[in-house]
Amino acid sequence: MEHASKLTCVVLVAALMGLPLRGFAGAEVPDSPARAKPPSDTSLMGDTDEEPLFLTLSLSLSSPSARGVVKPASKADVAVGQGTGLPGGTSGEHLHMSLSPSLSLFSVEPSIRENMADLVPEGKEDGETGFTSRESLFGGNVPLKEKPSPVPMWKQLATGWRGFSQLEIADTYADPEHLSKAKLRTELSRTGQFSEHIKWKISGRFDYDAAYDLSNFYPPGVRRDQRYEFFLRENYLDVSAGDFDFRLGRQHVIWGEMVGLFFADVVSAKDMREFVLPSFDIIRIPQWAMRAEYSKNDIHAEVVWIPVPTLDESGKPGADFYPGPLRGTAGFLPEDRSGRNVAHSNYGVRLSQLKNGWDISGFYYHSLDAAPTFYRVSAPTDPLVFQARHDEIDQVGATLAKDFGSVVLKGELIYTDGRKFNVARPNAIDGLVRQNTLDYVLGLDFSLPAETRLNLQFFQRVFFTHDPALVTDKLEQGASILLNGKVWHNVEAQALLIHSLNRSDWMFRPRLSWNFERNWRAALGADVFGGQPTGLFGRFDQSDRVYTELRYSF
């Protein structure tokens, strides 16, 4: 019986120590000390909220000195009564076992903390770390924290791309009326980096024009040239080193940008098979170049070298916007591009500074002229035959820009040495004369109420030692006006008019666009030309067209 009493005490003490304590001194004690949730009462907290609370029990056995003295038992005392008593006590007496509980803070070893952090109890939200069931207390259903699985390589390659897909349909309504474009453009690009100082970009575009399969209106050479094409867009590597940045590869180098026409943007090659009608980001063709830039405070310097120049795409004779002289009455040989080599590489330097709000730059550029010059290759008495070639030229220029709040002033100036122009004089060698020219343009951009924009430009070209046989005047000048604004919610209207001030030679481009969904845009517009066949715009008088576009950007 004595052994039974001892065993009963031991079992009772073990059970008391193993039972979860739900409350003590008004504070909630979590089920597991190792994952204890700090109580809301800050008086029970230690120096840090992250330390768990531990319960300590002190056990003592005692016998009353006299049977007549009875001490009231506290809530924390447990009286064990047995018939024969325990050693040290009198038979029949009640031995008192006193438990003295206390709460204390212990430091948990980091390795233990890490092991506990890997346990993610089920059924807890908002980052709670306590256990919620008897099974989780004993580890029956506590899964280990799952580490994120690595992203497959194929998925890495398939994500992160940006670009657009655009459907363009145009109908030339001048006699003879014909479908002139049913083109789908799709461009993809992606950027990334090898390190903080080394970044990259890859991009390409594919164009397919079904108009050349649906109709036999155009000559075979035009159909082959414009039916489909894959373009390498910007594909370069960026390296930064302090105040210096280097870009190697196929890239855009933009030194000027005005509305409607190109002036100081002398480095970019251009796809002119639709004249200047597409947006400039589509017209520009990147160059394979090596470029170094230096930036310090408000000063920026840039040096560019293009080993093998990229030239303008002018199309083939018989296309709507082929730029050759006397279209329809002259013959043309295939374009001569033999000058595209390292011996005729392009190079230039540009300096710019921001001073008191004025952004001013100056540049020098030597290049194989990206625009073609049409040489007469037939004898003076034979029917006219021309061939497009590319000459070396030198250009010096400057740009400026100043923001006056609701008005922005822009200007560009370019002096060109070495360019040749066609003349009607039969005894002129190759039908050309060399003319140095000065082009400049001034523009004002107004921000008007109701999200309306008004742009006004005035431009001039001066021919030095002007040859009387030129079809242009010594001083050619023109102006443009662009009005753009919202007419209703996501509907935007725009109209651009460019007109020569020397003669009736003009281009008018109304356009209505609708952003009907996020990343979706539809447009409807027209391109109308007028003037003499020798004018910049009048030569395309039979290419008037209406068009529609649908574009999705991603």
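A residue counts as exposed when its relative accessible area is over 50%. With that in hand, welcome to a predicted model in which a search of the whole structure finds 26 aromatic pairs.

**A tilted pair**
- Phe-194 and Trp-200 form one of the aromatic pairs, with 6.5 Å from centre to centre and 40° between the planes, a tilted arrangement.
- Phe-194 has a relative accessible area of 62%, so Phe-194 is exposed.
- Trp-200, its partner in the tilted pair, is partly exposed, at a relative accessible area of 22%.

**An edge-to-face pair**
- Phe-421 and Phe-463 have ring planes at 75° and centres 5.4 Å apart, so this pair is edge-to-face.
- Distant parts of the chain are linked by this pair: Phe-421 belongs to strand E21 (residues 420-422) and Phe-463 to strand E24 (residues 452-463), with the two 42 residues apart.
- Phe-421 is buried, with a relative accessible area of 15%, and Phe-463 is buried too, with 2%.

**A ring cluster**
- Which residues do ring pairs link into a cluster? They are Phe-275, Phe-321, Phe-529, Phe-537 and Phe-540.

**Charges over rings**
- Lys-270 lies over the face of Phe-262, and its distance from the ring centre is 4.9 Å.
- Arg-389 places its charged end over the ring of Tyr-375, at 4.7 Å from the centre of that ring.

Terms used: Residues numbered from 1 in each chain as written. Predicted model: local features only at pLDDT ≥ 70, side-chain atom pairs only at ≥ 80, totals over all residues. Heavy atoms only, no water. Phe/Tyr/Trp six-rings, centres within 6.5 Å; stacked < 30°, edge-to-face > 60°. Buried < 20%, exposed > 50% of the residue type's maximum accessible area, 1.4 Å probe, protein only. Helix = DSSP H or I, 4+ residues; strand = E, 2+ residues; numbered from the N terminus. Lys NZ or Arg CZ within 6 Å of the ring centre and 35° of its normal.
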